[in-house]
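Here is a briefing on one protein model. Look at the sequence and the fold, then read the points below.

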Amino acid sequence: MDEVKDVEIEEDREDYYSEYIANLDRTMQVIDLLDTPSAKSFIEIQLELNRAREHFPSSSHSLAALVEEVGELSTALLEGEGRDRVRQEAFQVAVMAIRIAEEGDPSFDQKLTETPGLWERCRALFQRRA
């Protein structure tokens with residue numbers, strides 16, 4: 001009987017260590033992924049997104065803010081303001097794009113629904129340009 005218990009304990013121990021090693025391997029893979037330039041950028045963008053939502057909780061006029069940020073990014077690039085400034089502005093563009101994707105822009109949505117046919121006219125205009 002003691003031999004059976006010893007075998008079960010040994011099997012449990014092997015299962016535990018196998019699972020531990022597998023978890024450790026997955027953890028190392030995550031750490032490797034986080035140690036890339038893209039992952040660091042995504043983390044910075046998430047932190048900036050959190051700050052933006054704290055300072056500007058309303059998503060109204062997000063489209064206007066996105067366009068403004070794109071303009072600032074363009075200026076930073078065209079005027080050679082340096083890599084740090086360009087990066088900062090690019091992150092601001094990403095933050096506003098994420099906010100629009102996740103929260104929409106109530107001011108724009110409202111105008112589309114309050115003005116009959118506006119959405120169709122906008123779509124037709126963009127199709128003609130394409």
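This is a predicted model: local features need pLDDT of at least 70, side-chain atom pairs count only at pLDDT 80 or more; totals for chains, interfaces and linings use all residues.

Residues are numbered from 1 along each chain as its sequence is written, and side-chain values use heavy atoms, with hydrogens and water left out.

**Overall fold**

- The protein has six helices and zero strands. Helices (H or I, at least four residues) and strands (E, at least two) are DSSP runs, numbered from the N terminus.
- Along the sequence the pattern reads α-α-α-α-α-α.
- Of the 130 residues, 18% count as buried. Buried means under 20% relative accessible area, exposed means over 50%, and partly exposed lies in between (1.4 Å probe, protein chains only).
- Accessible areas come from the Shrake-Rupley method with a 1.4 Å probe; for residues, only the protein chains shown count as cover.
- Among contacts between residues at least 6 apart in sequence, 69% join residues at least 24 apart. Contact means heavy atoms within 4.5 Å.

**The α2–α4 pair**

- The axes of α2 and helix α4 (residues 83–103) come within 9 Å and cross at roughly 65 degrees. Axes are lines fitted to C-alpha atoms, for helices over the stretch in contact, and angles run from 0 to 180 degrees between N-to-C directions.
- The crossing of α2 and α4 is right-handed. A crossing is right-handed if the near helix is turned clockwise from the far one by less than a right angle, and left-handed if anticlockwise.
- From α2, the contact residues include Ser 41, Ile 45, Leu 49 and Ala 52. From α4, they include Phe 91, Ala 94, Val 95 and Ile 98.

**Salt bridges**

- The structure holds seven salt bridges. Each is a side-chain nitrogen of Lys or Arg within 4 Å of a carboxyl oxygen of Asp or Glu.
- Glu 44 pairs with Arg 87, the closest N and O atoms being 2.7 Å apart. This pair links distant parts of the chain, with Glu 44 in helix α2 and Arg 87 in helix α4, 43 residues apart. Glu 44 is partly exposed at 35%, and Arg 87 is partly exposed at 33%.
- Glu 48 bridges to Arg 51, with the closest N and O atoms 2.8 Å apart. Both lie in helix α2, three residues apart, about one turn of the helix. Glu 48 is buried at 19%, whereas Arg 51 is partly exposed at 43%.
- Arg 85 bridges to Glu 89, with the closest N and O atoms 2.9 Å apart. They are four residues apart in helix α4, so about one helical turn separates them. Arg 85 is partly exposed at 32%, whereas Glu 89 is buried at 3%.
- A network of salt bridges links Arg 53, Arg 99, Glu 102 and Glu 103.

**Surface patch**

- Tyr 16, Tyr 17, Tyr 20, Ile 21, Leu 24, Met 28 and Ile 31 form a nonpolar surface patch, with about 730 Å² of accessible area together. Patches are made of residues with over 30% relative accessible area and no salt bridge; like charges are joined within 9 Å, nonpolar side chains (Val, Leu, Ile, Met, Phe, Trp, Tyr) within 5 Å.
- Ile 31 lies in helix α1 (residues 2–34). Ile 31 is partly exposed at 44%.

**Loop residue**

- His 61 has a positive phi of about 65 degrees although it is not a glycine.
- His 61 sits in the loop between α2 (37–55) and α3 (62–78). His 61 is exposed, at 52% relative accessible area.
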